[in-house]
Amino acid sequence: MNISRIPALFVGHGSPMNVLEENRYTSVWRELGEKLPVPRAILAISAHWYTSGTMVTAMTQPKTIHDFRGFPQELHETEYPAKGSPELAALVQEMLEPVEVYADHHQWGLDHGIWGILIKMYPQANIPVVQLSIDDAKPATYHYELGKKLAALRDEGVLILGSGNVVHNLRAMKRQEHDAKPYLWAEMFNHYVRDNLTSYEQPYPLVHALDGEDGQLSNPSPEHFLPLLYVMGTWDRKEAVSIPIDGIESGSLSMLSVQVG
């Protein structure tokens, strides 16, 4: 399939156990990898790289980061040996000027919010991957605007992939009940996000989504929501926006995924 503009994706990554399991979410991730145009590279924004300042991975071989505890040894031993792309990292630095983006050559790599998805989408790990961190000191509008600046990468064959969860309240989770009835606030917020993805209002409503009570209950901290704003920042307000999969696990973990284009 040959098109000039690569879609952008936000994926609700959920539990690290999705790496070892096959379920309705991982099935859709595999389908996305099969049906989307093959990207020349991937720029990933994960909830799990939440930093002071903005950083980009610039190494040629990013390590697989096992940033979780208490899971089977098989999961801790799983590797995703995708290459990096110093060239893409440098381009991202240039595109985001005057924001100072620090090139990380050693510290980070690919965290489970990214490789846990890509191991299903692109199991051969044959597409270079670069991660961009999320500055923990900046407001939601800032992250949305960075997404706008990065949108042109889609015309260069780069898949922009955001990974988080629209609803992410681990304290409220009913961990032993995956099919537990969602909390009302979780359902309401998930619906609000869906209903406002393609809003033409200014300012874009989702940059203020966490201000209300449902948003605060759904996201006690913002890092799992913010990757969605990068992806929606790439929307040109004309393209189709679709929902490959949705669902709320254990009462308070949204698996909503969004495709732009």
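Residues are numbered from 1 along each chain as its sequence is written. In this predicted model, local features need pLDDT of at least 70 and side-chain atom pairs pLDDT 80 or more, while totals for chains, interfaces and linings use all residues; side-chain values use heavy atoms, without hydrogens or water.

The whole structure was searched for cavities (sets of points on a 1 Å grid over the protein atoms alone where a 1.4 Å probe fits but cannot get out). One cavity of 30 Å³ or more was found. The largest cavity holds about 40 Å³ of space, the volume being that filled by probe spheres set on the points, joined across faces, edges and corners. Its lining (residues with an atom within 4 Å of a point) consists of His13, Gly14, Ser15, Pro16, Asn18, Val19, Trp29, His112, Gly116 and Ile117. Helix H4 (residues 112–121) supplies the largest share of this lining, three residues. Helices (H or I, at least four residues) and strands (E, at least two) are DSSP runs, numbered from the N terminus. Four lining residues are nonpolar, six are polar and none is charged. Here Ala, Val, Leu, Ile, Met, Phe, Trp, Tyr, Cys and Pro count as nonpolar, Asp, Glu, Lys and Arg as charged, and the others, Gly among them, as polar.

Strand E12 (residues 257–260) pairs with E1 and E9, pairing requiring at least two DSSP bridges. Strand E1 (residues 8–12) runs antiparallel to E12 and is joined to E12 by three bridges. Leu9 has Gln259 as its bridge partner. Strand E9 (residues 241–245) is also antiparallel to E12, over three bridges, with Ile245 opposite Ser257. Side chains in a regular strand alternate between the two faces of the sheet. In E12, Ser257 and Gln259 point one way, Val258 and Val260 the other, and all are buried (under 20% relative accessible area; exposed is over 50%, partly exposed in between; 1.4 Å probe, protein chains only).

Thr54 lies in strand E3 (residues 54–57). Thr54 is buried, at 2% relative accessible area. Beyond four places in sequence, its contacts (heavy atoms within 4.5 Å) include Val99, Tyr102, Leu132 and Tyr142.

Six aromatic pairs were counted. Rings of Phe, Tyr and Trp (its six-membered ring) pair with centres within 6.5 Å; planes under 30 degrees apart are stacked, over 60 edge-to-face, the rest tilted. Tyr183 and Trp185 are stacked, because their centres lie 4.9 Å apart and their planes at 10°. Tyr183 is partly exposed at 24%, whereas Trp185 is buried at 16%.

How values were computed: 1 Å grid on protein atoms, 1.4 Å probe; cavity = no way out; pocket = protein on both sides within 12 Å on 5 of 7 lines; lining within 4 Å.
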